[in-house]
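The following note reviews a structure for a student who is new to reading such models. Please keep the structure in view while going through the points.

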Amino acid sequence: MSEERFGEFVLVRRHGHVAELALDRPKAMNAVSTGMARSLAAACAALGDDKDVRAVVLTSTHERAFCVGADLKERNSFSDADLVRQRPVARGAYTGVLELPVPTIAAVHGFALGGGFELALSCDVIVADRTAVVGLPEVSVGVIPGGGGTQLLPRRVGAARAAELIFTARRVEAGEARELGLVDLLVEEGRDREEALGLGARMAANSPVGLRAAKKALRLGHGLDLRAGLEVEDAAWRSVAFSGDRAEGVRAFNEKRTPEWPGE
């Protein structure tokens with residue numbers, strides 16, 4: 001397993017074709033400062049360009065928290081001009097995770113609040129252990145979810161449920177979070193990272209060309225009417241139909257062996 005650090009607070013560990021993107025600011029429960037946001041965006045850009053990466057798992061090194069959201073201590077020192085300047089930096093962190101071209105899995109334990117939950121929502125699948133507490137409490141401090149929460153949450157649980165959660169600013173514990181669809185897989189305490197990495201490995205065993213094309217079709221087609229969505233799917237199919245991965249996949253199936261993906 002190799003490691004690479006992006007700035008002071010973001011660590012990337014390689015597990016074969018799975019990249020673990022670890023939030024590593026334990027003294028602040030992974031609160032997202034300006035510096036951490038820059039590092040997260042840089043790490044995502046590097047991983048997105050790396051053809052050897054087939055899946056990304058977003059984790060935390062803190063024992064009791066995934067991420068508690070924006071660094072409000074830092075924000076308290078900001079002038080209005082500072083806040084305006086910081087906004088695109090903050091957005092870059094969330095969109096960096098959201099726009100990763102490979103499957104992404106969040107491994108959540110403890111608190112995932114505000115921007116922390118938005119980072120998880122930016123992933124394709126959320127694995128949570130029984131200590132998880134999630135929520136978007138931004139209206140309780142005079143703002144709104146600004147890392148994608150008002151758009152990603154209703155896409156996951158529906159408009160009315162998202163409205164109730166955002167307007168009340170309430171925290172949701174693991175069991176209810178699973179029932180409401182705020183998280184996808186609920187695992188035993190302390191097993192979120194292990195289970196998420198295992199899921200990532202199962203995904204990464206598949207064609208890297210297929211994975212990227214399937215994610216693109218899923219993301220671009222969401223919200224379109226069926227006819228338009230099927231056109232998106234057809235374009236994605238055409239992008240892989242004549243690839244080396246497709247040829248190898250069919251050949252390996254007929255030869256009853258594990259594919260050796262060329263990745264092109």
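How do the residues of the lining of the largest pocket divide into nonpolar, polar and charged? The points below take up this matter and then others.

1. Basis of the note. This is a predicted model, in which local features need pLDDT of at least 70 and side-chain atom pairs count only at pLDDT 80 or more, while totals for chains, interfaces and linings use all residues. Residues are numbered from 1 along each chain as its sequence is written, and side-chain values use heavy atoms, with hydrogens and water left out.

2. The largest pocket. Its lining holds 13 nonpolar, 8 polar and 6 charged residues (Ala, Val, Leu, Ile, Met, Phe, Trp, Tyr, Cys and Pro count as nonpolar, Asp, Glu, Lys and Arg as charged, and the others, Gly among them, as polar). A pocket is an open set of points on a 1 Å grid over the protein atoms alone, where a 1.4 Å probe fits, with protein on both sides within 12 Å along at least five of seven lines; lining residues have an atom within 4 Å of a point. The volume of the largest pocket is about 780 Å³, volume being the space filled by probe spheres set on the points, which are joined across faces, edges and corners. Of its 27 lining residues, A70, L72, R75, E138 and V143 lie nearest the centre. Helix 2 (72-76), helix 3 (80-98) and helix 4 (115-121) are the elements that give two or more residues to this lining, and helix 3 gives the most, with 6 residues. Helices (H or I, at least four residues) and strands (E, at least two) are DSSP runs, numbered from the N terminus.

3. The second largest pocket. This pocket has a volume of about 480 Å³ and is lined by 15 residues, with C123, D124, L152, R219 and H222 nearest its centre. Helix 9 supplies the largest share of the lining, 5 residues.

4. An open sheet of mixed pairing is formed by 4 strands in the order 5-7-9-10; two strands pair if DSSP finds at least two bridges between them. Strand 5 (65-67) and strand 10 (172-173) stand at the edges with a single partner strand each, so one side of each is left without a neighbour in the sheet.

5. Residue T34. T34 lies in helix 1 (residues 34-49). Why does T34 count as buried? Its relative accessibility is 12%, and buried means under 20% relative accessible area (1.4 Å probe, protein chains only). The T34 side chain makes polar contacts with the side chains of E74 (3.1 Å) and Q86 (3.2 Å). A polar contact is a pair of N or O atoms within 3.5 Å; within protein, one must be able to donate a hydrogen and the other to accept it, and residues adjacent in sequence count only if both atoms are side-chain atoms.

Note on methods. Buried < 20%, exposed > 50% of the residue type's maximum accessible area, 1.4 Å probe, protein only.
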